[in-house]
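Begin with the backbone in the loops, then take the sheets and the helix packing.

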Amino acid sequence: VCGDYKMQVPFPFSLLCLQVIKCKAAVLWEANKPFSIEEVEVAPPKEHEVRIKIMATGICRSDDHVVTGAIVMPFPIILGHEAAGVVESVGQGVTSLKPGDKVIPLFVPQCGECKSCLSTKGNLCSKNECVLLGTGLMPDGTTRFTCKGKAVHHFLGTSTFTEYTVVPESSVAKIDSAAPLEKVCLIGCGFSTGYGAALQTAKVEPGSTCAVFGLGGVGLSVVMGCKAAGASRIIAVDINKDKFAKAKELGATDCINPKDFEKPIHEVVMEMTGQGVDYSFEVIGRTDTMAAALACCQNNYGVSVIVGVPPTAQKISFDPMLLFTGRSWKGSVFGGWKSKDSVPKLVADYMKKKFVLDPLITHTLPFTKINEGFDLLKTGK
């Protein structure tokens with residue numbers, strides 16, 4: 001059929017030629033085990049889907065939460081959600097992308113049609129909410145990955161720890177063809193999440209004071225966002241003092257280690273600032289630091305933002321008086337950005353040197369050393 005160019009068909013000829021691709025992927029067969037580099041089969045994209053050749057992917061703490069069981073997902077699974085690549089093929093009905101386009105997969109989709117996408121107040125697409133609900137399936141309830149005869153689950157609708165992946169058209173953004181994929185892959189999660197938490201969710205104001213709990217890639221991106229917004233004081237908090245030099249390089253004015261104090265860290269921040277900070281950010285994913293970040297805010301108009309992914313099934317206890325006096329507590333997923341609209345603009349801003357990404361990249365490893373990458377993450381390196 002593929003050789004018969006005269007054949008009359010009701011859709012583009014190229015769709016007839018799509019085949020299963022065999023490639024390498026890092027499969028997680030069960031929690032608390034290393035990734036296994038396996039040969040997997042990646043099915044062709046179905047209607048309104050896109051198959052992407054992944055060129056670069058970052059490692060995020062959210063991926064590790066699945067490894068440790070803090071986030072419950074079905075197994076086996078291909079993790080990864082911070083990446084950049086090139087479109088290999090498209091399914092029927094795809095109009096916004098074509099093979100060869102440089103793209104960033106989006107773990108927060110944007111259909112552009114649902115109530116959430118049409119609202120100016122949020123960014124979580126309700127039409128594709130299954131992506132964030134942890135089903136491990138595509139919107140049609142199936143997977144595109146097979147390994148050793150077994151179906152392999154997707155992660156956040158992206159699954160980037162593989163040489164090829166399939167995502168819905170609503171979960172991919174076309175970017176500048178000149179963009180370096182090994183850098184801008186960070187805009188797929190870490191950088192955008194932190195930078196947007198400061199600029200989009202908190203809306204940090206010039207001259208304000210901020211506290212950032214956690215100085216991983218996302219926390220450092222929050223620091224960058226606070227600086228870009230014109231904050232006059234940015235207090236960086238982490239138990240790993242090795243993170244302090246880079247935090248100061250990116251805009252932190254003070255760095256403190258909770259281990260250096262006998263009193264609770266929120267009391268330390270309150271004493272440093274007099275009345276507490278205008279804005280605080282928890283970028284770790286621990287309930288105790290979420291409570292501390294809230295408590296260190298100015299009691300009447302302070303805003304605290306939860307950026308770190310909360311562990312599954314854990315609850316948080318706090319004194320309701322903290323909110324009664326006027327503090328605001330907010331959450332932020334993907335920095336509040338509307339993904340398909342914002343990611344190309346963020347890439348364009350990077351290309352115009354409006355922000356840097358290099359300081360967020362500590363190591364560059366071949367794909368087969370992904371377990372070493374997770375070891376570096378877990379040891380704070």
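**Loops, sheets and a helix pair**

P76 is found in the loop between α1 (61-68) and β4 (83-90), where helices (H or I, at least four residues) and strands (E, at least two) are DSSP runs numbered from the N terminus. The peptide bond that leads from F75 into P76 is cis, with omega near -10°. This is a predicted model, in which local features need pLDDT of at least 70 and side-chain atom pairs count only at pLDDT 80 or more, while totals for chains, interfaces and linings use all residues. Residues are numbered from 1 along each chain as its sequence is written, and side-chain values use heavy atoms, with hydrogens and water left out.

Most residues other than glycine have a negative phi, and most peptide bonds are trans. F334 has phi near 55°, a positive value in a residue other than glycine, and its place is in the loop between β15 (328-331) and α10 (339-351). K353, also not a glycine, has a positive phi of about 65° and lies in the loop between α10 and α11 (370-378). Are these residues buried or exposed? F334 is buried, because its relative accessible area is 3%, whereas K353 is exposed at 72%. Buried means under 20% relative accessible area, exposed over 50%, and partly exposed in between (1.4 Å probe, protein chains only).

The sheets come next. Strands of a sheet pair through backbone hydrogen bonds, either parallel or antiparallel. Here two strands pair if DSSP finds at least two bridges between them.

An open sheet of five strands has the order β8-β3-β4-β5-β9, and the pairing is antiparallel. Here β8 (164-168) and β9 (172-174) stand at the edges with a single partner strand each, so one side of each lacks a neighbour in the sheet. The twist from one strand to the next averages 45°. Three bridges join β5 (residues 102-105) to β9 in antiparallel fashion, with P105 opposite V172 in β9. Helix α10 lies across β5 and β9 and runs at about 45° to β9.

The last topic is a helix pair. Two packed helices are described by the angle between their axes and the distance between the axes. The axes of α4 (residues 190-202) and α5 (residues 217-228) come within 7 Å and cross at roughly 40°. Axes are lines fitted to C-alpha atoms, for helices over the stretch in contact, and angles run from 0 to 180 degrees between N-to-C directions. That makes α4 oblique to α5; angles under 35 degrees count as roughly parallel, over 145 as roughly antiparallel, 65 to 115 as roughly perpendicular and the rest as oblique. On the α4 side, the residues in contact (heavy atoms within 4.5 Å) include F191, Y195 and L199, and on the α5 side V218, V222 and M224 are among them.
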